[in-house]
Amino acid sequence: MYIDGLAVATTTAMTLHASDVGATSNNYLGRSQFNSAASGDPLFNGSLDDFRVYKRALSQQEIAGLFAIR
């Protein structure tokens with residue numbers, strides 16, 4: 001996981017790929033799939049500056065390069 005171009009967490013245990021999930025609906029950013037008064041899941045209270053999806057993991061150099069072009 002990167003925050004502002006800096007690595008803050010890593011794992012080698014991740015084996016799930018987005019394509020493994022299959023077709024989905026209600027694909028929200030900042031909102032729970034179970035968003036209802038009864039669920040107690042709060043909405044994201046902030047803003048997203050950039051959001052991208054890739055078919056592969058990016059290298060640390062690629063992440064740094066993306067952050068540098070802002």
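Guide: Start with patches: they are made of residues with over 30% relative accessible area and no salt bridge, where like charges are joined within 9 Å and nonpolar side chains (Val, Leu, Ile, Met, Phe, Trp, Tyr) within 5 Å. This is a predicted model, in which local features need pLDDT of at least 70 and side-chain atom pairs count only at pLDDT 80 or more, while totals for chains, interfaces and linings use all residues. Residues are numbered from 1 along each chain as its sequence is written, and side-chain values use heavy atoms, with hydrogens and water left out.

Visitor: Which residues form the nonpolar patch on the surface?

Guide: Leu29, Phe44, Leu48, Phe51 and Val53 do, and together they have about 560 Å² of accessible area. Such areas come from the Shrake-Rupley method with a 1.4 Å probe, and for residues only the protein chains shown count as cover.

Visitor: Why does Val53 count as exposed?

Guide: Exposed means over 50% relative accessible area, buried under 20%, and partly exposed in between (1.4 Å probe, protein chains only). Val53 has 64% relative accessibility, so Val53 counts as exposed. Leu48, at 52%, is therefore exposed too. Both Val53 and Leu48 are in the loop between helix 1 and helix 2. Helices (H or I, at least four residues) and strands (E, at least two) are DSSP runs, numbered from the N terminus.

Visitor: What is the label for Ala18, buried or exposed?

Guide: Ala18 has a relative accessible area of 65%, so the label is exposed. Ala18 lies in helix 1.

Visitor: What makes the contact of Arg56 and Glu62 a salt bridge?

Guide: A salt bridge needs a side-chain nitrogen of Lys or Arg within 4 Å of a carboxyl oxygen of Asp or Glu. The side chains of Arg56 and Glu62 meet at 2.7 Å, N to O. The structure holds one salt bridge. Glu62 has a relative accessible area of 31%, so Glu62 is partly exposed.

Visitor: How far apart are the C-alpha atoms of Leu48 and Leu29?

Guide: They are separated by 8.8 Å, although Leu48 and Leu29 are 19 residues apart along the chain. Ala18 and Leu29 are 11 residues apart in sequence and 15 Å apart in space, C-alpha to C-alpha.
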